[in-house]
Amino acid sequence: MKTTRRTRPLRITLSKVLSRLPTYALLVLFALIFIFPFYTMFVGSFMLDSDLFSRSPNLWPSGGFDFSSYRELFATVGYARPLFNTFYVAIVQTIGVLFFSALAGYAFAKRRFPGREKLFAAMLLTMLLPAQATLIPWYLLMVKHLGWGDTYWPFWVPAWASAFGIFWMRQYINSAVPDELLDSAAIDGCTPFSAFTRVVLPVVSPGLSVLGVLTFVAASNQFLGPLLILNSPSKITAPLVLANFMGTTIIAPRYSMMFAGSTLATLPLVVVFFLFQRQLIEGIMSGAIKG
Amino acid sequence: MEKPLSAVPQTEVRKPSLGSRLKLIAKHWMDYLFIAPFFVTFAIFGLYPLLWAMQLSLSRWRGFGPMTYVGLENYRAIFRDPYVVQALVNTVQFTVILLPTGIFISVLFAVILNDRRLAGRGIFRTIYFLPYITSSVIVAIVFTQLFDDTLGWVNYGLQALNLPTVRWLRSSPWGAKTVVVLLTHWGGIGYNVLLFLGGLQSIEPEVYEAAKIDGASGQQIFWRITLPMLRPIVFFLMIIATIGLMNMFNQPYMLTRGGPQGATETLMLRLYNMGIGQSRFGDASAFGFLVSFLVVGIMILQMRFRKSATD
């Protein structure tokens, strides 16, 4: 934040580098703090419990990288199933959110119909409904009335009503789809729906991918919902299995297993994140807030 | 709604008749179909549970048998519950600590990373954001190990510096609170930095140029230009954080189950234990309503505050 430069701006001088040193030290220190938990998780998943429970914590597995936690995870716990379930639930949920958000967002952005503004405002108001008030009846409705206990429907069907998703897609479609494009599609004989699938969907993929990644991450990591709904071993998701590993105050936690399970559950999300990193970061920076 | 006489001819202000309105709506049936999934789903999974919660909160019911109307008895029971008071105090403590420190750290890093001449700003941005995509369950697992009494890195580091170690999660109330605060910051700072970066980049460079020509110092520019421009984001974050903190569940559930001695019991954890754990559906619904009123009340206060601050 030095404003006293009056020399040529591009010349790199020693004093300039030195003046930046505290800034970089701060940035690197924080980067280390942010990475370190990931590091202990990843390296710890290849450690034996003897390494993890030794007198001083280890930065590196003393006997080389050991895969026995992963083997035990799959062979004894059957972790493959919950891992698959987690991403199966998340993918279907994400597709639902994307489709219904884009469709309603398109209607709110580009279609003209009576009551549009009022309905849109009403939709935004629903975002203020606090989850606390409906937690108990939501659970009772799903499990007792609809008989959806131990199924994935409670995570999929309500996803059709994502007020945030619709708001996001309306903003994006407004900025990315010119009216002339839709006018000419209508002249070519497109119905409103075929204009949606042929004209709108192909050009809004950046907006969809940001919403998709955010939804997918949140859906993969959801905990309270699955904790209430799912209970059979063939249906539960990875976070529930990992939470069970925490044990109780009597049983010692199995850190090596938890780290291996956590690494496997995090890896797909990291991959997705890096694939869409640019769009995601720019999306959050640009469009998340409107006044 | 009688309108006063106006110069506009009657035929122009007359509302369309019901028949022609219905025709207009029928003509747009496809548009309504596009937005119908939201409203139908919300009615079933949002509105209906809300009305049911209202009924439950006025009844005694344990999931079976007849439901008896008890008036406001459940609400009175909530106010008598000492755990509820503690959960409320804890949640307020978390909010008061997390919100200002979170905003301060995020603005600081956003300002640093906004400097275009800084090498590697993209890498730092990504690293700070990475915890956001990690499940809070997994974050809690890793932090439990880092803050373990005897095996963790944190106490190891304290020992190496000849400082007394802390029994973070098992027996120290303020230690457990500290871990919850640090964990929440670790997971959320990166997202907030991005929001502030977006805000900083929306400030036109000309504004800064003009200020510099007028002889403003770096500090003056920060306090007089940068910070006021970020006010909408601070406001947005305060609302989001209020909702998030009032919903705080995963972190204390995983780390401590609300202990030690209830030091990390949050409102949502109490709600879960009351409703799901003990099947006290009536009490829990009343409690949920009270928390909701609190959330909405705080949001109204924040909006008032924002209005008076911008006027």
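**Entry 1. Overall dimensions of chain A**

What radius of gyration does chain A have, and what would a compact globule of 291 residues have? I looked this up at the outset, noting that the model is a predicted one. Chain A has 25 Å, whereas a compact globule of 291 residues would have a value near 19 Å. I then took the box along the principal axes, and the C-alpha atoms of chain A fill roughly 75 × 75 × 35 Å. For secondary structure I found 15 helices and 0 strands in chain A. Buried residues account for 40% of the 291 residues. I also looked at contacts in chain A between residues at least 6 apart in sequence, and 73% of these join residues at least 24 apart.

**Entry 2. Domains of chain A**

The domain assignment divides chain A into domain 1 (15-73) and domain 2 (76-287). Taken over C-alpha atoms, I find their centres separated by 32 Å. The contact draws 12 residues from domain 1 of chain A and 11 residues from domain 2 of chain A. On the domain 1 side, α1 (14-44), α2 (49-52) and α3 (68-75) of chain A each supply at least two residues. I note that α3(A) gives the most to this side, with 4 residues. By class, I recorded 7 nonpolar, 3 polar and 2 charged residues on the side of domain 1 that touches domain 2.

**Entry 3. Helix α1 of chain A**

Where does α1(A) bend? I located a bend of about 35° at A:L21, with a proline, A:P22, following within four residues. I next listed the buried residues of α1(A), which are A:L27, A:P37, A:F38, A:T40, A:M41 and A:G44. Their cover includes α2 and α14 of chain A, and it also includes α5 (82-113), α6 (121-129) and α7 (136-146) of chain B.

**Entry 4. Residue A:F273**

I placed A:F273 in helix α14 (residues 255-275) of chain A. Is A:F273 buried or exposed? I count 21 other C-beta atoms within 10 Å, and A:F273 is therefore buried. Leaving aside residues up to four places away in sequence, A:F273 touches A:V213 and B:I133. I also checked A:F273 against A:M169: the two are 104 residues apart in sequence and 20 Å apart in space, C-alpha to C-alpha.

**Entry 5. Contact between chains A and B**

How many residues does each chain bring to the contact? I find 75 residues from chain B and 72 residues from chain A. On the chain B side, helix α3 (residues 29-57) of chain B gives the most, with 17 residues.

Most residues other than glycine have a negative phi. I therefore looked up two exceptions to this general rule. Phi of B:R257 is near 55°, and B:Q261 has a positive phi of about 50°. I find B:R257 in the loop between α13 (250-255) and α14 (267-277) of chain B. B:Q261 lies in the loop between α13 and α14 of chain B.

Terms used
Residues are numbered from 1 along each chain as its sequence is written. Chains are lettered from A and ligands numbered from 1 in the order in which they are written. This is a predicted model: local features need pLDDT of at least 70, side-chain atom pairs count only at pLDDT 80 or more; totals for chains, interfaces and linings use all residues. Two residues are in contact if their C-beta atoms, placed from the backbone, lie within 7 Å. A residue is buried if 20 or more other C-beta atoms lie within 10 Å of its own, exposed if 12 or fewer, and partly exposed in between; C-beta atoms are placed from the backbone. The radius of gyration is taken over C-alpha atoms; the globule rule is 2.2 Å times the number of residues to the power 0.38. Domain bounds come from an automatic or database domain assignment. Ala, Val, Leu, Ile, Met, Phe, Trp, Tyr, Cys and Pro count as nonpolar, Asp, Glu, Lys and Arg as charged, and the others, Gly among them, as polar. The bend at a residue is the angle between axes fitted to the seven residues ending there and the seven starting there.
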